[in-house]
Amino acid sequence: MMRRKNIVVLIIVSVMVSSAFAVYYLKSSHTIPTGKYAAEKRLPKIRPDYFDTVIPVNIAPLNFLIEEEGEHYYVRIYSSKGEDIYVSAKDGKIKIPMNQWKRLLELNRGNELYFDVYIKRGDGEFIKFDSIINLISDEEIDKYLVYRLIKPLYNRWVDISIHQRNLEDYDESLIFSNKSINGGCVNCHTFLKNSGENALMHIRSAPKPTMYLIRGSSVRSIFSQTPFSSASMAYSSWHPDGRYIAFSVNKVQQFFHTSRDENRDVVDNDSAIGIYDTETNTIMTPRGLSQPDILETYPCWSPDGNYLYYCSSPILWSDRNIVPPENYENVKYSLMRISFNRENGNVGEPESILSSEQTNMSIVHPKISPDGRFLLFCMANYGCFSIYQPSSDLYMMDLKTLEYERLAINSDKSDSYHSWSSNSKWIVFSSKRLGDIFARPFLSYINYDGKACKPILLPQEDPEFYDSFIKTYNVPELINVPINVKKSDFERAIGSPENISGIKQITKASPVTGKDPLWKQFR
Amino acid sequence: MHLTFLKKTSVIYSAVFFITFYFYVLFRINPQIIYHGNGVAAFPVFFKGMIFFKNFINYPGGLIDYISAFLSQLYYFPSVGAFIITTITLVICLLTNSLIKSFGGISSRLLFLLSAIFVLIAFNQYLNYLSIILKLLISLLFFRFYLFVSHSKIIYRIIFYFIITSFLYYTAGSSGFFLALLCGLYEVFILRKHIIGLLYIITSITSLYYLDLSILNVMVFDSYQRIIPYYFLNILAPAAAAWGPLVFLLLLALFVSIFNVYRNKKAAVNSESEKTRKKNSISKSKNKERLRFLYEALLISFLFAGAALFTFNKLENTMLKMNYYSNEEKWDNILEEVEHIPYEYNDLLLKHNVNRALFFKNRLLESMFSYPQDVESLLTLNFYSQDPTMYVPELTIVADTFFKIGIINYAEHSLHEALEVVGEYPKIVHQLFLINFVKGKYNAANIFLNLLSKDLINGNKAKEYKNQLEKGSFGQGNKIIQNIQSIKLEEDYDSTLNIETVLKNLIEKSNNRMAFEYLMAYYLYTAQFDKIAQNIKLFNFYNYPNLPRHIEEALIIHMNITGKRIDLNGRKISRETNQRFGLYAQIMNDYSEDAFKGLRQATMVLGDSYFPYHYNYLIREKIRKK
C-alpha cells in the first residue's frame, strides 16, 4: 500500500516538474519583450552574415548565432504575409523551425524578410536592434548541391567523398567515398543540364583512371586510359544533347612553396581536350583542341551546343617533365571557343574570346549560364589552379557584348569554382574568405544585368558548424534532380569496368603506343 | 565443504589474476603511450558535439566505435585507461563463464580466464583493440539475452533472434555476425534444432547483406570489411591478436558442446554403474578436483606469464615512448630510453628524435656521433611519399622540428599529411593552430582551435587560448611563438627542398641557432669541412664557450688532409681531440689494407667520436666512386 502511494507521489512530482519545464520552455521560446526596451540604432552582430541580401525562396532556415553580450536572445522573423516566427535561445544560437520558415517564405516570394533581434541584458533590460532585412527571391535555387569534401590535401588522399546536400533542409547524403576504391582520388563531377540523372564522375589514380557514367539509376565504370592519354578525364562538360562529353586530360603537377601563404601550387605541364561519345563509347581528338604547343583545358559547352568554350595558353617550357617548369608564373590562359558540328562531330578553328594579353591575368573555369546570356569565369595572376591562388576572383561576361567585369562579391582570398542553377538565377562558388585554407560554398543571386548580390554562406542546422569544420568544399554543382544511384551499384560498376571502344582521330598524327602513352606523342 | 573451499579459492585466484592484469596493463603496456602515439595503433579521436557523433551513425558498428573512441581518450590518465581495459576484460571473462555453462558446462573453474589472456595478447601488440573487444563483449551480452528466450516457442526465438542480431549489427557491426554464429551453435548442439541453427548461420550473412543494401545504403565492401578486423589483416601478428578472442570463444563453445554430447552419450550408457561408482569415490573425487584446480591455476599462470614474456611488443613500446617524450619535449627521457634500443636498429625517426633531444640539451655537435646517424634523419622529408601506411608519427614530430627551426610551410605540409592519414589528433590540430597563427591566417587558426576545444583532454587549454586570442594577448608572452615569428623563412623556393640552401637562408636572415647547428650537422654528415671552416666565426656569434667536440674533430681532419691552417678566431682545438685524432690516424695507417677491419677498430677505440663515422664515410665514397 505504502509502495503504491510512493509511486503515485513520484508520478505527480514528475508531471509537475515536466510541466514547469514545458511552461518555461514555451514561455521563453514564444515571448518577445513587449513594452519597454531600449533601441540600439545598429544592426546586431550575427554570424553567418545573413543581411542585406537576396535569399532563395526554397532555402533551408538561415540559422544564425547572435554575437552580442546578453542573458537571453529573442528573434522575431516576419514578412508582409503569414504568421510571425518567434525563436529564442539562451546561448544566442537561433534555430528557426523548418515548417514555419518554409510557409513564411513561400507566402512572401519577392517580399522583404525581417529579423528583429532582442537581447535581455544582465541587468534585466531589453534591447532591440535595427531590423535585419533580406529579400526573398521569387526564383528558386536548384534543390540539391553536390560537392566534394576533403581536408586540405597535399600528397596523400585517404578520405575523399562526394556528397549531395538538399538545400531545402539540412540533409546531406554520401554519394561516393574513395574508401570503397582503396583510396583513389575522386575528382570532378559534372551534370547534364543540372540533373543528377546524367552525370559523370572521374577518378584519378588508383586503381586505374576511371570515370563513372551515371544514366538514371544505373552507373557504368569506364577505364579512361587510352593511347590519347595515360591520365584520366579531368574537367568535363556535357553537350546539351547528352551524347557528347568534352573533357580535358591534364598532366597535373603539384609543387610546394617554402614561404608563401598558400604552400601548394599546381601547374599543368601539358594538357589537351578530347570529346567522348557516350553512344559509341569512343573518343574524338579534334586537332584544334589538342595542339602540340598549347595547353587546352576547362571545356564548357554553350547551351545551344554549337560552341565549345575553353581556356588555352602557349606552353612556355621545353621540358614537360620538370616540376615546376620554367616560367610557370608567366602562364596565363585565354578564353577561347571553337564551333562544333553535332551531326558529324567536327570542330572549326579556335577563336579568341578574351585574351590574357588583354587582361594580363589567367582565365579559368568558364561556365555559361543555362540561358546562354552570361559567362562566369575566374581570373588569377597566373596558372590554371585558381583554388590555390589567393588572387583568384570571379568575373562575369555578357555574351552578347563580350564585355566583362569583376563581380563585387569577391574577397581578398581565393574565390573560385562556381556553377549555375538551372534557371540561371543563382550561382554557387567556393570561397576561402572565412577559412583561409578551407573553402566554403556561397550562394549568390544574379540580377537580370548579370550583377551578383551579396552571397550567403550555405546554411547549416548548427550555426557554428563551420567554426570547427576542417574540410573544404570542392567543386560545388547545383542540380535539380538528385543522383539516385545506390552505393552498391557503384560497387558493382567497379567490379565490371569497360574500356573505351576506340579513338576517332581527327588529328592527322599517328597514334603512338607504348608503356606510358601521352597525348603529346599522340598528336 | 570442499566445493565451497574450491569456489572461494577460485574467486581469490581470479581476483589476484585481475589485480595482476590491471598492474600489467598500467605499468607494462601503459595506455598513456598509446594515447600519445599520434594515431599509430589505430587510436581513435573523439570530439564533443553532434557533428562528430553523426559520423558514427551511418555505418554498422558506428555506435560502439563512438563509445570506444570516448573511452580511449581516458588512456590519457594511465590508471583510468588500465581500469577500463581490465574491467572490460573482467566482464568478458564472466560472460565467457556463462557461455561455457550455457553450452553444457565442463568441470573447470578457471578456463574462462583464458579470454583475458587473449585480450592481453591483443593489447601487447600496441594496437588499440578497445573497439573490437567491446564488440566482443556486447555480443556475449546479447547471447545472454538470447538465452532468456531459449525455452520459448520457436517462432518467438526466431523473431527475437532477428531483432537482436539486426540491432547488434547496426550498433556493433561484426558482433551481429558473431552472435549469429553463437546462437546457431546453441540451437544445433543444445536445443537440437539443427535446421534453425543452420538457418541462423546462413542468414547471418544474407540478412547483413540485405540490411546493408536496403536500409543502411552502405557499400557491401564497406560493410563486410567491418565484420572482421580488416585493417590489421595485412600484418600477421596484430591480425592474429585481433582474431584470437573471437576464434577462441567460438572454438570454446564448439568444444564444450561436442564434449557434452560425448559425455551425455557415455553417461546414458553407464548411468547405473556410474551412480554406484560415484558413491564409492567421493573422497577420491575431492582430491582429484583440488588437484585439477591446482593444475588449472598453474596453467593459467604460466599462460599469463608466457603471454607477458613472449607476445609483448617491446620495440613498439619503446618507439611509442620515444614519440611520447619527443612530443612532450622530455629530452632527458629520450636520451635515457635510446640506451635500451639495440644499436643496429635502423629507424630514421628514432635518430631524428635523438638529434632533437641532443640539440635541445645543447649537445648536438658535442655528441651526436655517439649515436647511430644517418643524414636522412636530420630533416626527414618522407612526407613526400604517397604511401598512406607510412609510419605516421614522423609526420608530426618532423613537423615540430620544421616549425621550431622556422620552415613553417614544411611543418604545415607535414601536418596536413598526418591529418589526412591518421585524423584529427589533438597534437596535430594544436600544431596546425599555431602554424596558422604564426602565418597570420587567423580564420584557419580559429577553426583548428575551435576543433581542439571540443577535445575531451585538451578542450580547456584550447578555451584558454581562445580567451587570450580574443583579448589579443595570445603569443605575446609566448617565447616560442615570438622566436618563430622572428626566425621563420622568408625566401620562397618552389622546387624540392634543398636542406643546405634553406638552412643557410635561415641563418643569413636571423639569429637562428637551431638552423646553424643543423647546418653544421649537415656538413658533418656530408664531410664538407671547408664549409664548417668558413662558418667558424658564427660560433662566436652564437656565444659558444668552446668549439663543440665534433666540430674540432672535423676541423682537425680537414687541416690534416689539406695541410692548411684554419683561423679559429682565437679558439684552440683541445688536447683530447688532438689525442683522439692521433689514434684515428694511426688506425687508418695500420689498417690501410683492410678498411672494414679498420672501421671496426675505430668504432671500438673511438666509438663516441666523429672519427668512425668519417672512416665509414670514406669507405662509402670509395665504393661509390668505384
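Reply: In this predicted model, a salt bridge links Glu461(A) to Lys54(B), with 3.9 Å between the closest N and O atoms. That pairing counts as a salt bridge because the cut-off is 4 Å. Between chain B and chain A there are two salt bridges. Polar contacts also join the chains: 20 residue pairs, both members at pLDDT 80 or more, are counted between chain B and chain A.

Several helices of chain B build the side that touches chain A. At least two residues each are supplied by α3 (50-54), α10 (194-216), α11 (220-225), α20 (408-422) and α22 (442-452) of chain B. The largest share of this side, nine residues, belongs to α20(B).

The extent of the meeting place can be stated in two ways. Counted by residues, 50 of chain B are in contact with 45 of chain A. The size of an interface is often given as the accessible area lost when the parts come together. Here the area buried between chain B and chain A is about 4,000 Å², and carbon and sulfur atoms give 51% of that area.

Lys151(A) lies in the loop between β11 (144-150) and β12 (161-166) of chain A. The side chain of Lys151(A) reaches the backbone oxygen of Leu419(B) at a distance of 3.2 Å. Leaving aside residues up to four places away in sequence, Lys151(A) touches Ile470(A), Lys471(A) and Thr472(A) in chain A, together with Leu419(B), Glu420(B), Gly423(B) and Glu424(B) in chain B. Lys151(A) counts as buried because its relative accessibility is 6%, and the limit for that term is under 20%.

For the complex, the predictor gives an ipTM of 0.91 and a pTM of 0.90. Chain B has a mean pLDDT of 85, with 88% of its residues at 70 or more. Within chain B, confidence is highest in α22(B), at a mean of 96, and lowest in α11(B), at 57. Residues 229-233 of chain B have a pLDDT below 50, and this stretch has 15 contacts in the model beyond near neighbours in sequence.

Finally, chain B as a whole may be described. Chain B contains 32 helices and zero strands, and 55% of its 626 residues are buried.

Conventions: Residues are numbered from 1 along each chain as its sequence is written. Chains are lettered from A and ligands numbered from 1 in the order in which they are written. Side-chain values use heavy atoms; hydrogens and water are left out. Contact means heavy atoms within 4.5 Å. Buried area is the accessible area (1.4 Å probe) that two parts lose on being put together, summed over both. A salt bridge is a side-chain nitrogen of Lys or Arg within 4 Å of a carboxyl oxygen of Asp or Glu. A polar contact is a pair of N or O atoms within 3.5 Å; within protein, one must be able to donate a hydrogen and the other to accept it, and residues adjacent in sequence count only if both atoms are side-chain atoms. Helices (H or I, at least four residues) and strands (E, at least two) are DSSP runs, numbered from the N terminus. pLDDT is the predictor's confidence in each residue, from 0 to 100. Buried means under 20% relative accessible area, exposed over 50%, partly exposed in between (1.4 Å probe, protein chains only).
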